[in-house]
Amino acid sequence: MTEYTQILYAVADQIATITINRPEKMNAFTGTMIKEMTDAFDRIDADDEVRAVVVTGAGDRAFCAGADLTPEDGRKPFASEDPVEDYSDPRVRDGGGLLILRIYQCLKPVIGAINGVAVGVGATMLLPMDMRLASETARFGFVFARRGIAPDGAASWFLPNIVGRAQALEWCMTGRVFDAQEAIDGGLVRSLHKPEDLLPAAYALAREIADNTAPVSVAVTRQMLWQLPAAPHPMEAHKVDSRIIYNRAKSADAKEGIASFLEKRAPAYPDKVSTDLPDSFPWWEEPAYK
């Protein structure tokens, strides 16, 4: 895609910003938004100049107020009504989940800057992001049971892993909308900020990553920490990290990391995510939808 209609995309100083841009609709989620945000994440992974991503919403009311309940195309808001022969048909797939899995697969760190209401898919979209910062005025809600459906976006996997099963059950079974303080108390967000301080804090965190870390190291670390806690035995993690460390120890990045530390200077890591990932990466096979 060369032009977006429902998001804004910009890159400055090695940081990409995706802004959900339907403020007149409280940034409500649509099929178009799925395609545009997926395309933006494809661009991010392909661009070695991008070191981190900040995702936020336009305006001061909402990050994303969930699925648009009155879609402009006249279709139902939650899922296709097309008849299918079996549930392996791609038309059955949850659209929000498609985007959320794409964020999960990203090779760059993703920082959510939650500037307002984040409910429904607007809340589950946050879960595969690595760090979530929120405005003091933000509100959250896993409201699916109050809409007669069930959690989307693989939230049944992500949410208990982030906040624990008991908290996930309470939020999803009550479907209530809760404030930013409850979100931080429950472990959903990292920190709270005054509205005017939110984006500067998100960019400062992104800047810390961009200025001090090796991009290849961050890419592999992101997937190790997302995937390996679910492994059945720590031996699986030991095998993965042994192979990656063996590979990276011989890299130009490792040489630069040691030299910059000993010389007390800022590092200039030469390896690129596009060409220099370890030969043992990925160590997994991406599951098929069937």
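Which residue just after α5 takes a positive phi? I looked this up first, and found that Gly-175 does, with a phi of about 65°. I note here that I am working on a predicted model.

**Entry on helix α5.** I then went back along the helix, which spans residues 165-174, and asked which of its residues are buried; I found Gln-167, Ala-168, Trp-171 and Cys-172. Looking down the axis of α5, I saw these buried residues fall within an arc of 115°, so they line one face of the helix. On the face of α5 turned away from its buried side I listed the exposed residues Arg-165, Ala-166 and Met-173. I also checked what covers the buried residues of α5, and the cover includes α4, β9 (177-179) and α6 (180-185).

I counted 13 aromatic pairs in the structure. One of them joins Tyr-104 and Phe-158 edge-to-face, at 5.6 Å centre to centre and with 80° between the planes. This pair too links distant parts of the chain, with Tyr-104 in helix α2 (residues 95-104) and Phe-158 in helix α4 (residues 155-163), 54 residues apart. I found both Tyr-104 and Phe-158 buried, and I noted that they belong to one aromatic cluster together with Trp-157 and Trp-226.

**Entry on the sheet.** In what order do the strands of the open sheet run? I traced 6 strands in the order β1-β2-β3-β5-β7-β10, and the pairing is mixed. The edge strands are β1 (7-12) and β10 (191-193), each of which pairs on one side only. From one strand to the next I read an average twist of 20°. Between β1 and β2 (residues 15-20), which run antiparallel, I found 6 bridges, and I recorded Thr-17 in β2 as the bridge partner of Ala-10.

Terms used:
Residues numbered from 1 in each chain as written. Predicted model: local features only at pLDDT ≥ 70, side-chain atom pairs only at ≥ 80, totals over all residues. Heavy atoms only, no water. Pairing = 2+ DSSP bridges. Helix = DSSP H or I, 4+ residues; strand = E, 2+ residues; numbered from the N terminus. Axes fitted to C-alpha atoms, helices over the stretch in contact; angles between N-to-C directions. Phe/Tyr/Trp six-rings, centres within 6.5 Å; stacked < 30°, edge-to-face > 60°. Buried < 20%, exposed > 50% of the residue type's maximum accessible area, 1.4 Å probe, protein only. Arc of directions from axis to C-beta. Contact = heavy atoms within 4.5 Å.
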